[in-house]
Amino acid sequence: MDTSASNTNLKSQYAAQITADLERNSAEHERVSSEITALQQQLSALENNRALLLNMQQTLGDEAAGDAPENIDPSSLENDSSAARKPASLPAARKPKKNTSTTTGNRKETESARNRPKRARKAGTPTLRDLIRDDLTQYGEPRSATEITAALTQALPERKIKATVVRSTLESLVAKGEAHRTKQQRSVFYSTTAPNTAAGAPESSEATPS
């Protein structure tokens, strides 16, 4: 009789212990699950912020590339630099006393060599900024950077035009008020800015008889 009663007490104690352990396990499981959910939300927000910052960094980093001169022959620059080195060596060997004039001449030749890419860009083919502005003016409707890149690549296959450079150039035009940016869902479109209505005011006033 005593043995059966002790067994019953042990079973009831084990059952109570197991029930208490299950309750603690459920509470801990719920707490950990809520923490995991919160951490996942924080991770998702951090990933979105990182993607946005990387996109901004890439846009700002490629902005200088949009203004860089294109279609410059590297061999011409090498010839210019070698031509600038020859006058510097010959006069120095023949007339050492004219070092000052030689330095001044080299400085002028260096400055002229630096100005050559600018003159070449003005006298040569239009810049990427001009091409993009002409494309926006031609179509007269919002266009994405991908569409503009495809159109320019098809029209000028000899020029290796990158979408990142086109996008940075568009952002530069927007910053200078020469283009307008609109966003539709997740896509960004660009168009030419509306004409200044104030510019037409003097014409209307002149047309009205006094």
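**Before you start**

This is a predicted model, in which local features need pLDDT of at least 70, side-chain atom pairs count only at pLDDT 80 or more, and totals for chains, interfaces and linings use all residues. Numbering starts from 1 along each chain as its sequence is written, and side-chain values use heavy atoms, with hydrogens and water left out.

**Stop 1: the whole chain**

Show the cartoon. The protein chain has 7 helices and 2 strands. Helices here are DSSP runs of H or I with at least four residues, strands are runs of E with at least two, and numbering goes from the N terminus. Along the sequence the pattern reads α-α-α-α-α-α-β-β-α.

Now colour by accessibility. Buried means under 20% relative accessible area, exposed means over 50%, and partly exposed lies in between, using a 1.4 Å probe and protein chains only. Of the 210 residues in the protein chain, 15% count as buried.

Take the contacts between residues at least 6 apart in sequence: 56% of them join residues at least 24 apart.

**Stop 2: helix 4 and its partners**

Select helix 4, residues 128–139, together with helix 6. Their axes lie 10 Å apart and the helices pack at about 75 degrees. Axes are lines fitted to C-alpha atoms, for helices over the stretch in contact, and angles run from 0 to 180 degrees between N-to-C directions. Helix 4 and helix 6 are therefore roughly perpendicular, a label for angles of 65 to 115 degrees.

Show side chains at this contact. Helix 4 brings L128, R129, I132, R133 and L136, while helix 6 brings V165, V166, T169, L170, S172 and L173. By class, the contact has 7 nonpolar, 2 polar and 2 charged residues. Here Ala, Val, Leu, Ile, Met, Phe, Trp, Tyr, Cys and Pro count as nonpolar, Asp, Glu, Lys and Arg as charged, and the others, Gly among them, as polar.

The axes of helix 4 and helix 5 come within 11 Å and cross at roughly 110 degrees. That makes helix 4 roughly perpendicular to helix 5. L128, L131, I132, D135 and L136 of helix 4 meet I148, A151 and L152 of helix 5. This contact of helix 4 with helix 5 divides into 7 nonpolar, no polar and 1 charged.

**Stop 3: two residues of helix 5**

Select T149, in helix 5. Is T149 buried or exposed? T149 is buried, with a relative accessible area of 9%. Leaving aside neighbours within four places in sequence, T149 touches I161, K162, A163 and V166.

Move to E147, also placed in helix 5. E147 is partly exposed, at 38% relative accessibility. Draw a distance to F189, 42 residues away along the chain: the C-alpha atoms of E147 and F189 are 9.6 Å apart.

**Stop 4: the strands and their loop**

Select S191 in strand 2. S191 is buried, at 13% relative accessible area. Not counting residues up to four places away in sequence, S191 touches L136, E141, P142, A179 and H180.

Next, pick Q185, in the loop between strand 1 and strand 2. Q185 counts as exposed, at 79% relative accessibility. Check the backbone here: Q185 is not a glycine, yet has a positive phi of about 55 degrees. Most residues other than glycine have a negative phi.

**Stop 5: pocket and cavity**

Switch to a surface view. On a 1 Å grid over the protein atoms alone, a cavity is a set of points where a 1.4 Å probe fits but cannot get out; a pocket is an open set with protein on both sides within 12 Å along at least five of seven lines; lining residues have an atom within 4 Å of a point. Grid points are joined across faces, edges and corners, and a volume is the space filled by probe spheres set on the points.

The largest pocket holds about 540 Å³. Its lining has 18 residues, with N55, R167, E171, V188 and Y190 nearest the centre. Helix 1 gives the most to this pocket lining, 6 residues. The lining of the largest pocket divides into 6 nonpolar, 6 polar and 6 charged residues.

Finish at the cavity. The whole structure has 1 cavity of 30 Å³ or more. Select N55, Q58, T59, D62, T164 and R167, which line the largest cavity. Helix 1 supplies the largest share of this cavity lining, 4 residues. The cavity lining has no nonpolar, 4 polar and 2 charged residues.

Methods
Contact = heavy atoms within 4.5 Å. Parallel < 35°, antiparallel > 145°, perpendicular 65-115°, else oblique.
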